[in-house]
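Reader: Could you walk me through this model, with the cut-offs spelled out as we go?

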Amino acid sequence: MDEPGRPVVPSVNLFVKVTNGCNARCMFCSNADAKATSKPFNIVKLMDVIHELNAKSICVNRVNITGGEPSIVSSLVQDIIETMHQENFDNIHLHLNTNGLLSQSQELMRHPRWDSISMSLHHYDIEMLSELYGCKIPQDAFLFEGVNKQKLNVSCNLVKGYIDNPEEAQKMLDFALELGIPRIGFVALMKVNDYCKERFIDLEDIHIDTIPHVYFTKSMNQGKDCKCSNYLYNKDLKILEIYMRNYANPQYCESSLMFDGEYLRQGFHDNNIIY
């Protein structure tokens with residue numbers, strides 16, 4: 001707990017991009033055309049980065065393993081986890097970002113070291129999801145066998161023709177409750193290509209406040225840079241947390257660092273190498 005007159009310790013979130021490749025072909029993804037690369041990943045340098053931050057009294061809030069899709073380089077991710085353990089970084093929050101519904105992805109999600117997992121879940125219907133992912137989703141994808149669902153945060157992109165109105169949004173809420181997932185976020189597409197521009201649905205279009213049993217809890221507003229709102233959905237004595245990213249400035253990322261196996265960057269700018 002912070003004490004009056006005592007300075008707050010500087011902190012960062014460290015994103016670790018383990019690959020550009022993905023086992024899905026989502027047309028709305030900014031990484032949609034990227035191919036898997038085989039360049040060496042410098043785990044020693046990653047550990048040096050964390051040690052250096054600690055030496056400068058900068059707290060590493062969490063290490064986010066991301067991509068692309070991390071599960072296509074599962075052995076590398078396993079090596080990072082093991083090395084963090086050897087370096088006594090077990091106190092650092094370890095987070096996985098994954099598409100979550102493919103067999104490869106769920107195998108990685110079963111690792112016990114994850115403190116939290118963010119996964120994609122853009123529809124409640126397997127066939128519709130297969131369309132969105134650009135590949136076949138297994139029929140047993142929703143079993144999450146061996147996965148600790150209490151660690152899951154699911155992210156649902158709003159896409160015209162899929163989840164694009166209050167009725168469809170409520171079906172997603174009910175579906176998440178049935179699966180036993182505790183948190184869901186609705187996210188508007190970033191207009192990174194023609195697909196996203198043509199199928200863009202604004203968060204306001206789903207009128208979350210009009211859905212029965214949805215209650216506003218709080219909003220966090222950083223002016224023009226970012227705003228998000230939180231809600232609760234209460235049905236049949238089950239509670240679902242809802243997160244809404246109203247808008248975000250991709251340039252507003254002073255507290256985020258990105259390591260791609262070779263370079264450390266501040267924020268997510270290709271030309272902003274700091275180490």
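Author: Gladly, and a definition comes first: helices (H or I, at least four residues) and strands (E, at least two) are DSSP runs, numbered from the N terminus. This is a predicted model, in which local features need pLDDT of at least 70 and side-chain atom pairs count only at pLDDT 80 or more, while totals for chains, interfaces and linings use all residues. Residues are numbered from 1 along each chain as its sequence is written, and side-chain values use heavy atoms, with hydrogens and water left out.

Reader: Thanks! What separates Lys 171 and Glu 168 in helix H5?

Author: The two form a salt bridge, with the closest N and O atoms 3.3 Å apart; the term means a side-chain nitrogen of Lys or Arg within 4 Å of a carboxyl oxygen of Asp or Glu. Both sit in helix H5 (residues 166-179). Because they are three residues apart there, the separation is about one helical turn.

Reader: Is Glu 168 buried or exposed?

Author: Buried means under 20% relative accessible area, exposed over 50%, and partly exposed in between (1.4 Å probe, protein chains only). Lys 171, at 42%, is partly exposed. Glu 168 has 13% relative accessibility, so it counts as buried.

Reader: How many residues apart in sequence are the parts that Lys 39 and Asp 260 tie together?

Author: Lys 39 and Asp 260 form a salt bridge, their closest N and O atoms being 3.9 Å apart. Lys 39 lies in the loop between S1 and H1, and Asp 260 in the loop between S10 and S11, so the parts they tie together are separated in sequence by 221 residues.

Reader: Which backbone nitrogen does the side chain of Asp 260 reach at 2.7 Å?

Author: Asp 260 is buried, with a relative accessible area of 15%. A polar atom of its side chain lies 2.9 Å from the backbone nitrogen of Glu 262. These are polar contacts (N or O pairs within 3.5 Å; within protein, one atom must be able to donate a hydrogen and the other to accept it, and residues adjacent in sequence count only if both atoms are side-chain atoms). At 2.7 Å, the backbone nitrogen reached is that of Tyr 263.

Reader: Where is His 122, and which backbone nitrogen does its side chain reach?

Author: His 122 is found in the loop between strand S4 (116-120) and helix H4 (126-133), and is buried at a relative accessible area of 3%. Its side chain reaches the backbone oxygen of Ser 155 at 3.4 Å. The backbone nitrogen it reaches, at 2.9 Å, belongs to Asn 157.

Reader: What arc do the buried residues of H4 fall within?

Author: The buried residues of H4 are Ile 126, Leu 129, Ser 130, Leu 132 and Tyr 133. The arc is that of the directions from the helix axis to the C-beta atoms. Seen down the axis, these residues line one face of H4 because they fall within an arc of 165°.

Reader: Which residue caps the N-terminal end of H4?

Author: A side-chain oxygen of the capping residue lies 3.0 Å from the backbone nitrogen of Glu 127. At the other end, just after H4, Gly 134 takes a positive phi of about 75°. The N-terminal cap is Asp 125.

Reader: Lastly, which exposed residues does H2 carry on the face turned away from its buried side?

Author: The buried residues of H2 are Leu 76, Val 77, Ile 80, Ile 81, Thr 83 and Met 84. They cover an arc of only 165° around the axis, which puts them on the same side of H2. The face turned away carries the exposed residues Ser 75 and Gln 86.
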